[in-house]
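Thanks for making time this morning.

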Amino acid sequence: MTQVAILPDPLKEVAPPRGRSGGAAWAIWLLRRLGLAVLTLWLVSVLVFVATAALGDPVRAILGRDYDSNPGRVAQLEEQLNADDGLISRYLSWLGGLLTGDPGTSLANQQPVWGQISANVVNTLVLVLLAAAVMIPLAFGIAMISAHYRRRRPDTVIQTILLALAGVPEFVTGILLVALFSTSVFNIFPAVTIATPGGRPWDNLDGMVLPVATLVLAVTPHVSRIVRASLLEVLDSDYVELARLKGIPESVVMRKHALLNAIVPGIQVIALQLAWLAGGVVLVETLFSYPGIGRQLVDSVRNHDVPMVQALTIIIAAVYIVVNLVADLLSVLLTPRARTAISS
Amino acid sequence: MNQNPRRDLQLSRRQLLKYSGVGVAAVAGSSFLAACGGNGGSGGGGGDEPQSSGGILIHGATGGGSKDTLDPHQPVTNPDIARVCNLYEPLLIWNNDYELEPALAESIEASSDARTWTIKMRPGVTFHNGKDVTAEDALFSIQRFANPKAPLSAGGQLSQIIDFQSTKAVDPTTLKLVLNTPYAILDTLLAEYTAGIIPTDFDVKNPVGTGAFVYESFEPGKTSTFTRYSGYWGDPAFVDELQIQDFADDNAKVNALQAGQIQTVDNLPYNLIDTIEGAGGGVLVSDTGAWVPFTMRVDVEPFSDVRVRQAMRLIVDRQAMIDQTLSGYGSLGNDLYAPFDPAYASDLPQREQDIDQAKALLQQAGQEGMQVELFTGDDIGSVAPAAANLFVEQAKLAGVDVKVTKKTPFYDDDYLSYPFAQDFWNTRNYIAQAVVGTFPPEQGGTYNETHWDNEEHRSLVNAAARELDETKRAELLHDAQEIEYEEGGLIIWGFRQQVDGYAAGVQGLEPHKYLPLGAYRFDKVSV
């Protein structure tokens, strides 16, 4: 995953507006980015809707061979899906429901969609954020150590380990962690999340350790390698050389001069990884029986539960867009050239 | 991820209907039940040491998801079935040997014409809300699952034969069921786990039954909790609390058992049996009457020639099928279903692979070097594609060229018109299975894959269904089975064994021939 290549250049994207005050320029820039985000989300909603509609008759898929023998249920499901209406009017009524916070009713159990997914959305977000909270300092720390020992033995060892970890799929890491820490070797941590009624998975913090560790091990190598690469680039630059010549201690050079300048690619890759985690944790959720949206999405697809699939896909897309928006914003704020370009 | 045959069961309504279907036993005449009243419903523990009370039992259920429900009469997923078996009880119940025992009914007696059935309710049974169980409640429950307009899983057959105009609760403890046709094995229809008795003011949001556990909480796709019912009419449960946890993944389920987080799992995949035993746990192996037949349509070439059908049956190496597709966890089949039926024709010689004879039959039929297409699919269960591929190899020996076509999904509009295919069925007794699987559709044969249409066979089965005398009924059914044994279109090579797992220290589980994990009777289990 070499996400650096597709790093959007904020300088190109936003032409500096002229003759306006800095604040107004910022507001316009933000509004424009928000508008683009909403537009993207709308396009996604169209795609999701068309894709789920193109999968064939959902009623037939749900009922299987009972389709012919159970006309009552066919009629009931068709009414619920408004199958008689055209594609566009169905889309509009679905979009309207989505905007008013009512994504419809599940076909599988006739319960409101939002009531079923809200808890899982929070569960997944908590899992991802916990993983991020551990992963970000860890990845930057490793990158700094690695860059410090550039091309010497510690660096080589670290890079080899990171490369190996990056090459192993996360469910393999997870299975190994479970075997090591909860079943075969030691019996320290729970192997799965046992939900307590009405409770949250993190009520028992022990149970969060292995899922979070699995995600951290899956994501850290990518972030760490990118940050190391940009650190090395900065450390080779003239101004760092100058700072060293001026006699500034190496640790200060690393923190103040190098790290701050190397942070932007790091933010971008973290954003991409977080966005991937929001939808891609399904394997980890399955392995640890963690009640999140990834597993719910798989379950819903299997049930041909169109309203659930639509709502979950939109939420995952929204997370993607929001995370990337925040990352862009942070990148601009941390890049003086880009800041000036906007406010000047 | 994993293709567990039982996991697939929850996926379609059609499969559920088959699984929970109207299992029918000819075992229980009215006299048997009347003599067998009293406290016959609960068994003892299985271990050597006395079982201790207290603690919490967490059961890891296979599958489950947003389709989960607490409805007593239409469970969809495996965790649903586990919940239903602990919350609710039917009038009669299948015991470990797939024989009828009285549960909420103390006795059930048929009139001499098998048209009027008198059900005596067991006295002193209360619902979880303290209300006494009356004949009115039983009638209400039957009306709910056997509603002629929309019968639920247990009520398919009942909805057609009960005359609801004349059926009534005579007094609080007596229910008189009137049928519009003689039906000698009505009692077997009332023993399904999907025929639980619920109070007339039942509300699925706060479900009330008579089972050994009281509803506490429920989150579809996640977990549900129950507490011991102290007012239970049988022996109260050992554990204080029961929790049923959904598991989408087999490995997660087994990991949890190994880590000591859960105490029991149902539907253990064969490849994980050693893992459980290695970790000090135990494996519960139960015989079942579940089968995955090859189905030959008797009304199309080449299977319309009975010699071809007989040859195909002689081609199958039954033991190899069991060893390779069931990892050896199975028992031999003899092209007859309903192995637990008291009328099962066990005296017919076991059919074995006989390639020479098969070749000779094919030659007589003019079908040497026959080419056939065999339809299979993953949605039948993982056993089916494996068995299909093995059959290709076995058929080569007799010069038959079989081409396997894997359909996704298998259960689409072509189902029931494949000339040569597979299907799956679960434990049932003969009459119910014969009706649904070998009668013409308009006479109740909803899933007659082989298009079998044999007047003589049908009249024997119908006569047996009206016959109250068990010996006479068995004779009629034996004749019916002989016809199918000689001419039928099904190749039944074996019956699957059910494998479930439990952690060290768990006591009281006994193999049950019908449902997994001792029919999920967690009241008999101590931890």
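**Notes on the two chains**

In chain A, 71% of the contacts with a separation of 6 or more are between residues 24 or more positions apart, where a contact means that two C-beta atoms, placed from the backbone, lie within 7 Å. Please keep in mind that this is a predicted model, in which local features need pLDDT of at least 70 and side-chain atom pairs count only at pLDDT 80 or more, while totals for chains, interfaces and linings use all residues. Residues are numbered from 1 along each chain as its sequence is written, and chains are lettered from A and ligands numbered from 1 in the order in which they are written.

Chain A has 15 helices and zero strands, helices being DSSP runs of H or I with at least four residues and strands runs of E with at least two, numbered from the N terminus.

Turning to chain B, strand E8 (residues 213-219) and strand E9 (residues 223-228) pair antiparallel over six bridges, pairing requiring at least two DSSP bridges. Ser217(B) has Thr225(B) of E9(B) as its bridge partner, and in the hairpin, with three residues between the strands, Gly221(B) adopts a positive phi near 80°. E9(B) also runs antiparallel to strand E10 (residues 241-247) of chain B, joined by five bridges, with Thr227(B) opposite Glu241(B).

Finally, which chains meet, and through how many residues? Contacts link 31 residues of chain A with 32 residues of chain B. On the chain A side, helices H8 (170-183), H12 (282-287) and H13 (293-302) are the elements that each give two or more residues.
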